[in-house]
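Hi,

Here is the structure I promised to pass on. Have a look at it first, and my notes on what turned up follow below.

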Amino acid sequence: MKKGWIYAVIVCSVSLGIGLLGAGIGGAHKVKHTPEQLKAFEDVFMEQVKIGDLLFHGDAATEKKLGTKLSRTGMACAMCHPFAVDTHPYEFPKFQEQINKFSTLRDMINWCIEKPNEGEILGADSDAMKALEAYIYWSNRGSKLDPGRH
Ligand code: HEC
């Protein structure tokens with residue numbers, strides 16, 4: 001009986017601890033952003049979207065500025081993918097037949113740069129990759145994620 005009580009106390013303390021921790025973590029997210037902050041976040045995002053848009057449409061000046069060579073064939077992404085959303089960003093990550101592996105959107109962006117475009121692949125964390133990713137995801141904004149689907 002006594003042992004039972006000890007267990008009960010331990011279980012209660014642990015759950016209380018987890019509960020408090022949860023409230024702490026959750027609490028951090030409850031801090032509301034001001035409209036000014038939200039506008040600033042959106043501006044940063046849209047700035048990247050615009051750079052990605054230019055890269056996707058083969059803008060030479062933007063490529064030069066970022067030190068990239070996305071294509072040696074003269075083909076820009078938009079020539080094969082007229083709408084960025086047609087590259088199905090919401091499906092990633094997924095098993096990709098072309099490269100026979102489980103892939104992220106970045107892997108596929110680089111596959112197109114390397115294979116059809118014969119360009120220079122981008123670093124996963126490079127400014128150009130982030131901008132292309134921002135543009136492609138933006139083109140599909142508001143849709144539901146559906147990872148793994150084809
Ligand atoms: C010469 C034509 C061509 C060009 C140019 C091209 N792609 Fe592709 N892209 C393809 C083909 C072919 C596929 C594979 C078939 C498919 O999945 O649609 C593909 C697939 C993709 C996918 C995956 C789509 C999916 O649903 O799995 C992404 C993302 C992508 N391309 C991005 C880009 C980006 C970014 C660029 C520019 C840097 C680019 N592509 C340039 C032909 C092209």
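Which side chain has an N or O atom 2.8 Å from a nitrogen atom of the ligand? That would be His81. Before you read too much into any distance, keep in mind that this is a predicted model.

Staying with the ligand for a moment: Gln96 also comes up, with a polar side-chain atom 3.0 Å from a ligand oxygen. Thr87 takes part through its backbone instead, where a polar atom is 3.4 Å from an oxygen atom of the ligand. H5 gives the most, with six residues.

In total, 20 residues surround the ligand, and the closest are Cys77, Cys80, His81, His88 and Cys112. By type, the shell splits into 13 nonpolar residues, six polar ones and one charged one. As for where the ligand sits, the space it takes up is the largest pocket.

Now for the overall layout. The protein chain has six helices and two strands, and reading from the N terminus they come in the order α-α-α-α-β-β-α-α. Of its 150 residues, 25% count as buried.

The largest nonpolar core is made of 20 residues. Leu55, Phe56, Leu70, Ile109, Leu122, Leu132 and Ile136 are the ones with the most contacts inside it. Helix H2 (35-56), H4, H5 and helix H6 (127-138) each give two or more residues to this core, and H6 has the largest share, with seven.

Why does Ser71 count as buried? Its relative accessibility is 13%, and the cut-off for buried is under 20%. The Ser71 side chain has polar partners there too: a 3.1 Å polar contact joins it to the side chain of Thr73, and it reaches the backbone oxygen of Met75 at 3.0 Å.

That's what I have for now.

Cheers

Conventions: Residues numbered from 1 in each chain as written. Predicted model: local features only at pLDDT ≥ 70, side-chain atom pairs only at ≥ 80, totals over all residues. Heavy atoms only, no water. Near = heavy atom within 4 Å. Polar contact = N/O pair within 3.5 Å; in protein donor to acceptor, adjacent residues only side chain to side chain. 1 Å grid on protein atoms, 1.4 Å probe; cavity = no way out; pocket = protein on both sides within 12 Å on 5 of 7 lines; lining within 4 Å. Sits in = over half its atoms within 2 Å of the grid points. Helix = DSSP H or I, 4+ residues; strand = E, 2+ residues; numbered from the N terminus. Nonpolar A, V, L, I, M, F, W, Y, C, P; charged D, E, K, R; others polar. Core = buried A, V, L, I, M, F, W, Y, C linked by side-chain atoms within 4.5 Å. Buried < 20%, exposed > 50% of the residue type's maximum accessible area, 1.4 Å probe, protein only.
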